[in-house]
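Keep the viewer open while you read.

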Amino acid sequence: MSISLIGKSIGVSATLLLNETAAIMKAKGEPLIHLGCGEPQSKTPIDAITNLTGILNSGVIRYTPVDGTIEMKQAIIRYMEEYYDRKVEPENVIASSGVKQAIMVALQTILDPQDEVIFPAPYWVSYTEMVKLCGAIPVPVHPEDGTFHPRMQDILQNVTSYTKAIILNTPNNPTGVMYSEQFISDVVQFCEKEGLYLIMDDIYHRLLFDGKKRVNCFKYTKELNENSKLIVVNGVSKQYAMTGFRIGWAVANKKLIAVMSNIQGHQTAGPAVLLQKAAIGAITGVQSGVESLRLTLENNRNVMLDRLRAFEGVKATKPDGAFYVFVDFSVYDKDSSRLSKLLLDKVRVLTMPGFEFGLDGYLRLSTCGTIKDIIEGIERIKWALDPNSPNELFIGERKLVRDWL
Ligand SMILES: Cc1ncc(COP(=O)(O)O)c(C=O)c1O
């Protein structure tokens, strides 16, 4: 069978695949603890549901404009004013089917084959594949000092005449680390000076801990005009726990948005009207759910970090936000895919291998679950890996005997 070169180069989404594995195991009644999950467990905001049922009951469900309904754009414009202190026009905005699509059409708009796109590692799994889908070349940048905080010199060392764009995601998936204001302002100004595109993936920007303040990239732009190469993406998936609704957006200069809309028009057309209505409800409705999610996640992070201290030689960088702790388990196994598989097979704890995020030896542990899941999940991992723990463990009625150390 003949498959395209691009098709052959694209790997499966490891996170989605493991989520499917989790769903199958749960359905079989396995006592699975899902520490791999990338979605908050809180309920959809009531304003989203009210809006959704309203349009559903009308029985009039039609195509939408390719770049989003007027009402959706108004809600995004309001969001930009509130959280970015930036007044944009409807032509600066496109609503897409998730932030995933917003990034994908942005990349298709700006990249030619062989262009290079720089982003700090570890990185969200899809950046590499999305860049490859455009025939371009992903350039992950590992901070030279071994931290999760890239410095400008790390970026500069990787810039070539082929560099077309930089992507920053802060707070970051998978580390939860928030990049410093200095770094963000340096990158914004560097991109502006060099004429590079900058995609700011702000999907976790309201989920910050320890009193940390959001960094607004627009504060550092001089070019607030049609020459601006700044593209900001955001959406409802994480902050409103609306992953299933698939609504994200991009804000950029009008010409870019027009081309993005042309591309989206031939892919999916406009996002479903039902989902846009629900997203509008969430964005314009009562916001207390976001704060209560943030508080829950901060508490969960603290509990997880506390429990991880029980491990010898395991290192965890304290996340500033989002809902992941990226943990160095290399003392146990430098091959994170093998380690993740062992934990799933032996103690039914699902984790995401760091390899998929560009850093082997680490596991991404999610704090989205309940405190009980976090505590029990870490206990099971410890039992599986620590030769000093008792030889037997009970999961419900099931007795496990450790025979692999
Ligand atoms: C950093 C980052 N960007 C984008 C996305 C995609 O979000 P959406 O569900 O809106 O497509 C995710 C989802 O995991 C993410 O972690």
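## Before you start

This is a predicted model, so keep the cut-offs in mind: local features need pLDDT of at least 70, side-chain atom pairs count only at pLDDT 80 or more, and totals for chains, interfaces and linings use all residues. Residue numbers start from 1 along each chain, following the sequence as written.

## Overall fold

The protein chain has 13 helices and 15 strands. Both are DSSP runs numbered from the N terminus (helices are H or I with at least four residues, strands are E with at least two). The radius of gyration is 22 Å, close to the 22 Å that the globule rule gives for 405 residues, so the chain is as compact as a globular protein of that length. That radius is taken over C-alpha atoms, and the rule is 2.2 Å times the number of residues to the power 0.38. Along its principal axes, the C-alpha trace spans about 65 × 55 × 55 Å.

Domain 1 puts 32 residues into the contact and domain 2 puts in 31, where contact means C-beta atoms, placed from the backbone, within 7 Å.

On the domain 1 side, α1 (5-9), α2 (14-27), α11 (288-308) and β10 (324-328) each supply at least two residues. The top contributor there is α11, with seven. By class, this side has 15 nonpolar, ten polar and seven charged residues. Here Ala, Val, Leu, Ile, Met, Phe, Trp, Tyr, Cys and Pro count as nonpolar, Asp, Glu, Lys and Arg as charged, and the others, Gly among them, as polar.

## Around the ligand

Which residues are closest to the ligand? They are Gly98, Val99, Lys100, Asn173 and Ser237, out of 13 that surround it (C-beta atom, placed from the backbone, within 6 Å). The shell divides into three nonpolar, eight polar and two charged residues. Its largest share, three residues, comes from α5.

## α5 against α6

Helix α5 (residues 98-110) packs against helix α6 (residues 126-133) at an angle of about 40 degrees, with the axes 9 Å apart. Axes are lines fitted to C-alpha atoms, for helices over the stretch in contact, and angles run from 0 to 180 degrees between N-to-C directions. Lys100, Ile103, Met104 and Leu107 of α5 meet Ser126, Met130 and Val131 of α6. That makes five nonpolar, one polar and one charged residue.

Two cis peptide bonds are worth a look. One joins Ala121 and Pro122, with omega about -5 degrees, and Pro122 lies in the loop between β3 (116-120) and α6. Another runs from Thr170 to Pro171, with omega near -10 degrees; Pro171 is in the loop between β5 (163-169) and α8 (181-194).

Arg246 has a positive phi, near 55 degrees, although Arg246 is a residue other than glycine. You'll find Arg246 in the loop between β7 (230-235) and β8 (248-251).

Notes
Contact = placed C-beta atoms within 7 Å.
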